[in-house]
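Got a model open and wondering where the labels come from? Let's go through them one by one.

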Amino acid sequence: MKVSVIIPACNEEDLLLPVLNEAQKIKPFEIIVVVNGSSDATKAIAEDAGCRVVYYEEALGINIGRAIGAKKAKGDILLFLDGDIAVPHQELIKYTQAIETGHDIALNDLTWIMKRKVRPHPVSVAKYMLNLCLQREGLSVQALTAIPHAIKKTSAAKIGYENLAHPPLAHTIALLKGMSIVAPCSSDVIYTNKIRNTHKTIPTNSPFPISTNYIIGDHIKALAHLIEEKVVRGGLTDGDRNREIVSAYTPNVKRKTGVKYSVVIPVGEEKETISSVIKEVKKAGVEEIIVVANGADEVTVKRAIEAGATVLHYKQRLGHNVPRAIGAMYSSGEVCLFIDGDIVISAENLRPYLEAADQGIDVALNNLECLLDEVHPIHSVSAAKYFLNLVCKRPDLTINTTTAIPHAIKRDVMEKLGYDSLIIPPLFQLKSIMYGFNVQPVHFVDVARTNRIRKEHMKVKGLAASTQRILGDYVEAMAYYISQTSERGEFLPDIRRHDLLFEVLKNE
């Protein structure tokens, strides 16, 4: 099979030649250098080395260069490199060999970067999140965003050459089409990558550098395609939620006046813990205790009543987070505290959430940020939480969302956003930020290590049922976000990139 090497390049006169030397050692059919926006000798160096040069005066951007090169290539295998990182030819051959043995795409295996004892970069979080949503957890952060990678020419045509200008979108299309993707080699392009102005310059409307903005926007665009193809939850399960019961629910009593704090506690079979949970809530100063028993055993219900709770009793399980919404609608407090019936949290650890609400915080979250320094690689659910906060341009929130208890929410926030939003915690989080409410992590309670391991937490094939449900919640939140903004959210519109790409490709 013939190999076409494709290298976009802009002002790479100091670094291009070593890249070309390594590429030539695999004896490719052709090396295409897409020179764009260069003001130095890049074009001359590529021509002197015998490369096929495609030249544009205007800087197109690296991914448009890849798309143009792919369209022009005549080989059976497309090997993509950058003009500033020389990858040893012994590694390059592994990517082309993977295509020769029948795979459609061969990616750079960068799994190791997630195992480092450092917090993951936002770009890594975005890559991992996309693979999770595509139910390919095993791909970790493997992506078409990173070089080197190789694609079968016929597969690139099926993906659409124009889509190669948006690597996460191309990656998504490939997986949805059932293409075979492998990562046959690990090439270090992290520590060897040249730091450019786009990696450092932060626009006024974002906390991220320009390059990170583009990449996050590309991943939102990829998720928009997944949602378009697989509807609102991207093909992920909903966990048998009874959503209709919330939309039809009307409390049969009037809301009490003068209640400052309420707590909502969903329970199933929690007879061992419910009494202690309620005892600590009372010690924290909560006046109204609402227990939403759904699919609960009689002993749990009896002990909740004996402990002084108001019990809303449903024979069948309502599905995850549905009891929160019902309990919140029934409750009367100016502030609503949300906890679970199977984790006993001391009064000392509950009070900070109530106090935060008193001090002006609208949504007070469990501060689980320390897990970023303790768990490597990042847990899949934590990656989803982090990605949502990145999309909201709140990287300071890291992995803190209303998915985790305990958290406290002011009544007026729930009234404004709608109680039904509580069914999907990431959606409630997203809306809270979009509506301008004050969302802050306030205190750490370890609910990760104390959480009871249930059947839904266990992996059978692919993702665990609970993980799939939670990821679906985050995709649903993204669907709302995209519907309110655009297919790239609010991340650096790429209208010019589209115009350039289609102008070039239509003439091919």
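This is a predicted model: local features need pLDDT of at least 70, side-chain atom pairs count only at pLDDT 80 or more; totals for chains, interfaces and linings use all residues.

**Why the labels fit**

Q: Why does the radius of gyration of the protein chain agree with a compact globule?
A: The chain has 508 residues, so a compact globule would have a radius of gyration near 23 Å; the value here is 26 Å, which agrees. Along the principal axes, the C-alpha atoms fill a box of roughly 85 × 45 × 40 Å.

Q: What makes a residue of the protein chain count as buried, and what percentage of the 508 residues do?
A: The cut-off is under 20% relative accessible area, and 58% of the 508 residues count as buried. As for the accessible surface, the chain has about 20,900 Å², with 50% of that belonging to carbon and sulfur atoms.

Q: What is the peptide bond from Ile 147 to Pro 148, cis or trans?
A: Cis, with omega near -10°. Pro 148 is in the loop between helix H5 (122-133) and strand E6 (149-152). The bond from Ile 405 to Pro 406 is cis too, with omega near -5°, and Pro 406 belongs to the loop between helix H16 (380-391) and strand E13 (407-410).

Q: Why is Ala 44 called partly exposed?
A: Its relative accessibility is 36%. Ala 44 is part of helix H2 (residues 42-48). From Ala 44 to Asp 104 is 60 residues in sequence and 33 Å in space, C-alpha to C-alpha.

Q: How do you know that Thr 212 is buried?
A: The relative accessible area of Thr 212 is 4%, and buried means under 20%, so the buried label applies. Thr 212 lies in helix H9 (residues 210-230). Setting aside residues up to four places away in sequence, Thr 212 touches His 121, Pro 122 and Val 123.

Q: Which label does Lys 27 get, buried or exposed, and why?
A: Exposed, because its relative accessibility is 72% and the cut-off for exposed is over 50%. Lys 27 is in the loop between helix H1 (16-24) and strand E2 (30-36). Its phi is positive, about 55°, although Lys 27 is not a glycine.

Q: And Lys 393, buried or exposed?
A: Buried, because its relative accessible area is 18% and buried means under 20%. Lys 393 has a positive phi of about 60° and is not a glycine. Its place is the loop between H16 and E13.

Q: What makes helix H13 mostly covered?
A: Nine of its nine residues are buried. Among them are Val 322, Arg 324, Met 329 and Tyr 330.

Q: What makes helix H18 mostly covered?
A: H18 (residues 425-434) has nine buried residues out of 10, including Leu 427, Phe 428 and Lys 431. After H18 comes Gly 436, with a positive phi near 85°.

Q: Which residues touch the most other members of the largest nonpolar core?
A: Leu 164 and Ile 265, in a core of 147 residues. Helix H19 (residues 465-484) gives this core its largest share, 10 residues. Another core, of 29 residues, lies apart from it and includes Leu 20, Ile 31, Val 35 and Ile 85.

Q: Which residues does Leu 164 touch?
A: Not counting residues up to four places away in sequence, its contacts include Asn 63, Phe 80, Ile 151 and Ile 159.

Note on methods. Residues are numbered from 1 along each chain as its sequence is written. Side-chain values use heavy atoms; hydrogens and water are left out. Buried means under 20% relative accessible area, exposed over 50%, partly exposed in between (1.4 Å probe, protein chains only). Helices (H or I, at least four residues) and strands (E, at least two) are DSSP runs, numbered from the N terminus. The radius of gyration is taken over C-alpha atoms; the globule rule is 2.2 Å times the number of residues to the power 0.38. Accessible areas come from the Shrake-Rupley method with a 1.4 Å probe; for residues, only the protein chains shown count as cover. A nonpolar core is a set of buried Ala, Val, Leu, Ile, Met, Phe, Trp, Tyr and Cys residues joined through side-chain atoms within 4.5 Å. Contact means heavy atoms within 4.5 Å.
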